[in-house]
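Please look over the sequence and the structure shown below, and then read the briefing that follows, which is grouped by topic.

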Amino acid sequence: MKTGQKFPFTLSIQYVGYSSREIIANSSNIVIDLVQDSKELNEIIVVGYGTQEKKNLISSVVKINPRETQQIPVASFDAQLQGQAAGVQINTFSGLPGEGVRVQVRGTGSINSSNDPLYVIDGVFANNNTLSTINLGSKFTSPLADFNPSDIESIEVLKDASAVAIYGSRGANGVVLITTKRGDFESKKTKYSLNLSQGLQWADPSRMWELTTGPEHAMLVNEAYTNSGIENPAQTKYSFATRPFQANENGVAAPFAATKRGTPEQQGTYDRLAKVFRTAQVKNYDFNVRGGSNNIRYYLGLGYTNQEAILIPSAFERASVKFNFDAKLNEKVTLSSSNGVYRSFRQQVRGGAGQEAGHLLAALHHPTYFPFTNPDGTFSRGSIYESIDNLIDINTTNISTVSLRYLGNQALEVAILPNLKFKTSFGLDYNLYNEKEYFNDQTQIGGVLNPGGYKNEVNTNFSVFLNEQTLAYQKKFENGHNFSALIGNTIQSTNLQVLSATGYGFPNNSFQQIAAASNRTASQSASQSTLASFFGRVTYNYNGRYFLEGTFRADASSKFGANNRWGYFPGIGAAWRLKQEPFLQNIRAISDLKLRLSAGTAGNQNGISDFAALGLWNGSAQYSDNLTSGDKSGTAPSQLANPDLKWEKTATYNAGIDLGLFKDRILFDINLYYKYTTDALLNVPIPGSTGYSSVLANGGEVSNKGIEVGVTSTNVRSKNFEWTTSFNIARNVNRAEKLISPITFEAREYIRTQQGEPLGSYWLYKQLYVDPQTGNAVFDDVDKDGKLTSADRQLMGNLIPDFFGGITNRISYKGFDLNLLLTYQYGNKIYNFNRFILEGGGTRDASRSILKSQLGRWQKPGDVTDIPRLTFFGNNYTIEQNSRFLEDGSFLRVKSLTLGYTLPAQVTSKLGLDKVRLYAQGTNLWIFTNYTGADPESSGSALQNRQGLDTATPPQPIGIQFGANISF
């Protein structure tokens, strides 16, 4: 090639997938060697039953670097991933460590079945369904908190049909692949790593519930009595004369039961929230060893975590041992072993509402004028609520769980031919889960509801056994054609056994074994399901330019009816790297450009019982025998059979683009998707004449469509300074396309799903305004009949945000490093149930405190406010499903800020160390939100279709910790 330039001159060479080079040409016939760039395009991505180079991906897969998130002080690794991947929405409903976290990939596809993704850890399908059975007030523990995040090497999230179809019945909600750390073959030396951290956490005082003082509380209650007497003079219960806070003969504040409790000014103020919250300690220690030789490699990891919760006495403690081992038995046979043993202890508290709820509810709802102790010095108990001192004392109330878990996989791989490999593996996830709860005779549960003390203990044995075989072929041809094929089968068995015992009526509080109780009961249950699968995948690419992939899986599940055991799940994908085409190779601004298309189906069977399709009989039924005294045991039908019950299926279509600009200084990953779920698993109402109220059947359709954008930019890169930014944003639009009838959830029916609307919408009465002249709340009379009835309720928003995502900035300068993670979501709603209860206008004086916001109520004609006049009558404070308490749940949160410093090599070498990094990290340092509650992510319930009601839930804490990473 002739350039017309004179020697010497500089040549700049750029080619996609290779590092750029500049050389000085002094003569013709120059040979230039390009080196492949492994930082981006050649990055290895784990996919289902294999790996691929990033540049060859057809599917929508996100790789997350766990080293950036492992130090965030939360118990489970899934909570650490918030804001890291486009289209993956993660919410932490509570500030208590070890509790459940909601993870959704590309929206909500199922109405009643589980929407959680499948978690695969070292090839084993890990259980992420809670084993908790005791009453935690609609909360649940997270099984994923058993695993130590420090053992994780890589995390990949599979999102589209081409990626998840290989998992068939398990992949409808996405797949999260976890690969743990291993040693290195031919390692030059054994490597040791020690990671230490310790810190403190506390509740943000600026966001805690602000309650009225004792005098303010009394004033508002008196005002409600006075207004009610004026409004309805015919009744005599509520009036100025009967107001409870007025002067008495003693001239001081009187007990709660007194007719005259003293004037408002005489009331004291007692802060119970300060008694239940604390500054909590967080400790984490990890040590690992990794190494190898020509034929073996190994990894041993030891971990210990001790995390107090900000809510007394809740705490989480985990100890873990991880051992991975690989051995090349000969040139063709390799043995691989992955093993993890985990022990997790949780000191727990109850959440939720009602007289059996926990002490946070009691502390928040106790009237602030109510003293801590009675005149005789005993602990006071306000109406249905416990003494706070009793509930936070584990000697009187003790709820704890211990999880002992093993997860491992043993595999043997044989290279039959140079390009043909056979692999067989045996995996096991075994969990022994013990729960205990004890309430002594000084508590509501152990002294009133179950006299003489109450004890409950549950032992759960859960196991998942997995056997898989795969045969993989891969061939690269000299003419640029590349071909691979995979076939395999899976056999899976899941077993659950539960044994529980309950007792009450103990001789005294020193006896806590159930055998000592005067009233004892026991129960036992067992359940089992099996899954048989066959799957295959074929991939082809030509010269790194054109790509084609096809997958297929067939699953047979014992959960479904005899007529529909098998489900078939195909997937196909194609990609075209345009940058390899001649018309783009000379456009220097574009360093990479690839288009992707995929389509396919996946199934869902999660969230239904193991015997969902069978007709069941209950063996604990009792009947009276007139010939003998006492009841006799018998059987009774409990579930109607449905032999036609079949798989819930989700079809997904995806179009994506991967774009690199300016030598990959800016990378875009953009995806458009459409998901359509058919044959949704629902409890369908049936005529009462059958003897049943409903039957599990396939009866609904749901759609999700959206867009995901991920951007990574290298803003500055020099010898001593580098700054990179990762940004992701996603939008999902959800809709119930077909339903037999609207579905409401929980007793109060705040949440409703109906055809043509998003799942889990709030079903409320719409408060339009407060009449400035009368102070009465005015509601939207939808049917214009002049009355407020259920026909006037409307769907008014839902928990699904308009968009959500995260922003990460990484800055390094010489030995310093800075990492800043922001998470956000916008447009979702949250129902502030705390406001409904505590902004009750003084009408719940018997057992509830009052929020400070109540002081902004209507008082006289002309007042403009949305808080109506205080009264016991009318609709001002008697409508529970009031849109006034539906709030904007949008937020922007500083999730994590880390500043680290790595000691110079000349310093660490003198100490005999390879590397020492010291760091300080802050978490949840700041949040911007219009939500008036403690935390816009809070939910009083973690149960599906009941989320989004904020009820006495501890917020995510602010934290600061200091740590060191030492390697040698």
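In this predicted model, Tyr 119 stands opposite Ala 126 in strand β9, and β9 is joined to strand β8 (residues 118-121) by three bridges, with the two strands running antiparallel. Strands here are DSSP runs of E with at least two residues, helices are runs of H or I with at least four, and both are numbered from the N terminus; two strands pair if DSSP finds at least two bridges between them. Local features need pLDDT of at least 70 and side-chain atom pairs count only at pLDDT 80 or more, while totals for chains, interfaces and linings use all residues. Residues are numbered from 1 along each chain as its sequence is written, and side-chain values use heavy atoms, with hydrogens and water left out.

**The five-stranded sheet**
- Strands β8 and β9 belong to an open sheet of five strands in the order β5-β10-β11-β8-β9, with mixed pairing.
- The edge strands are β5 (61-64) and β9 (124-126), each of which pairs on one side only.
- From one strand to the next the twist averages 25°, where axes are lines fitted to C-alpha atoms (for helices over the stretch in contact) and angles run from 0 to 180 degrees between N-to-C directions.

**The four-stranded sheet**
- Another open sheet has four strands in the order β33-β34-β35-β38, with antiparallel pairing.
- Strands β33 (743-745) and β38 (794-798) stand at the edges with a single partner strand each, so one side of each is left without a neighbour in the sheet.
- In this sheet the twist averages 40° from one strand to the next.
- Two bridges join β34 (residues 751-753) to β35 (residues 761-764), and the bridge partner of Ile 751 in β35 is Tyr 762.
- Strands β35 and β38 pair in the antiparallel sense over three bridges, and Leu 764 has Gln 794 as its bridge partner in β38.
- In a regular strand the side chains alternate between the two faces of the sheet.
- From β35, Ser 761 and Trp 763 point one way and Tyr 762 and Leu 764 the other way, and all are buried (buried means under 20% relative accessible area, exposed over 50%, partly exposed in between, with a 1.4 Å probe and protein chains only).

**Aromatic pairs**
- A search of the whole structure finds 37 aromatic pairs; rings of Phe, Tyr and Trp (its six-membered ring) pair if their centres lie within 6.5 Å, and planes under 30 degrees apart count as stacked, over 60 as edge-to-face and the rest as tilted.
- The rings of Tyr 49 and Tyr 167 have centres 5.4 Å apart and planes at 25°, so the pair is stacked.
- This pair links distant parts of the chain, 118 residues apart: Tyr 49 is in the loop between β3 (44-47) and β4 (50-53), and Tyr 167 in the loop between α2 (161-164) and β11 (175-180).
- Tyr 167 is buried, with a relative accessible area of 3%.
- Phe 245 and Tyr 369 form an edge-to-face pair, with 5.0 Å centre to centre and 90° between the planes.
- Phe 245 is buried at a relative accessible area of 1%, and Tyr 369 counts as buried at 4% relative accessibility.
- Ring pairs also link Tyr 750, Tyr 831, Phe 833, Phe 836 and Phe 885 into a cluster.
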